[in-house]
Amino acid sequence: MIIDVVRQTALKKYSGSFSFEYDCPAGLVILPSADIVGKVKVSGEFEIYDDDSVGVRLRLSYLLRGVCSYCLEPAEQRVEYEDDVLYLTEDDGENYSYNGLKIDLTTAVNDAVLFSQPQILLCSPDCKGIDIK
Ligand SMILES: [Zn+2]
């Protein structure tokens, strides 16, 4: 999950792509009694700009499994998420920052896992909830 900016710049490769699988820490799953099944697939592209800032497009895909928020039956949902982030060599309080040498994507990926999670998990889109008679 490292982009070696110095090396890329030395090779004059100012853009590129990446793809890896990530074992997400269990604490990042917000929904109660839900888990990410297997690994989070992460892919994307990066571009190194003249001022050493680096734009990164992140794409995430993972399977969330747990219980339906309405009826408590087993439920799972494939989550696909895409986001553009920017790394600056100085912290501006808004974007990610890095030391000008290497970018560690872990924080951005963890944030993307948090942002991408649905508020509720449903067994089916038209679940009516527990049927009380
Ligand atoms: Zn349900």
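Author: Two strands are said to pair if DSSP finds at least two bridges between them. With that in hand, the sheet can be described. The model is a predicted one.

The protein has two helices and seven strands, and from the N terminus on its elements run β-α-β-β-β-β-β-β-α. Five of the strands make an open sheet with mixed pairing, in the order β2-β3-β4-β5-β6. β2 and β6 are the edge strands, since each pairs on one side only. Packed on this sheet is α2, which touches β2, β3, β4, β5 and β6. The direction of α2 makes about 50° with that of β4.

Within the sheet, β3 and β4 run antiparallel and are joined by 11 bridges. In general, the strands of a sheet pair through backbone hydrogen bonds, either parallel or antiparallel. Opposite V42 stands L60 of β4.

Next comes the helix. A108, V109, A112 and V113 are the buried residues of α2. They lie on the same side of α2 because they cover an arc of only 145° around the axis. Their cover includes β2 (15-22), β3, β4, β5 and β6 (96-97). The face of α2 turned away from the buried side carries T106, T107, L114 and F115, which are exposed.

In soluble globular proteins, nonpolar side chains tend to be buried together.

Apart from its neighbours within four places in sequence, V40 is in contact with E21, Y22, C24, L60, Y62 and V113. Among these, V113 is one of the buried residues of α2.

Last, the protein as a whole. Of the contacts with a separation of 6 or more, 63% are between residues 24 or more positions apart. Buried residues make up 16% of the 133 residues. The C-alpha trace spans about 70 × 25 × 25 Å along its principal axes. The radius of gyration is 18 Å, whereas a compact globule of 133 residues would have one near 14 Å.

Conventions. Residues numbered from 1 in each chain as written. Predicted model: local features only at pLDDT ≥ 70, side-chain atom pairs only at ≥ 80, totals over all residues. Contact = placed C-beta atoms within 7 Å. Helix = DSSP H or I, 4+ residues; strand = E, 2+ residues; numbered from the N terminus. Rg over C-alpha atoms; globule rule 2.2 N^0.38 Å. Buried ≥ 20, exposed ≤ 12 C-beta atoms within 10 Å, placed from the backbone. Arc of directions from axis to C-beta. Axes fitted to C-alpha atoms, helices over the stretch in contact; angles between N-to-C directions.
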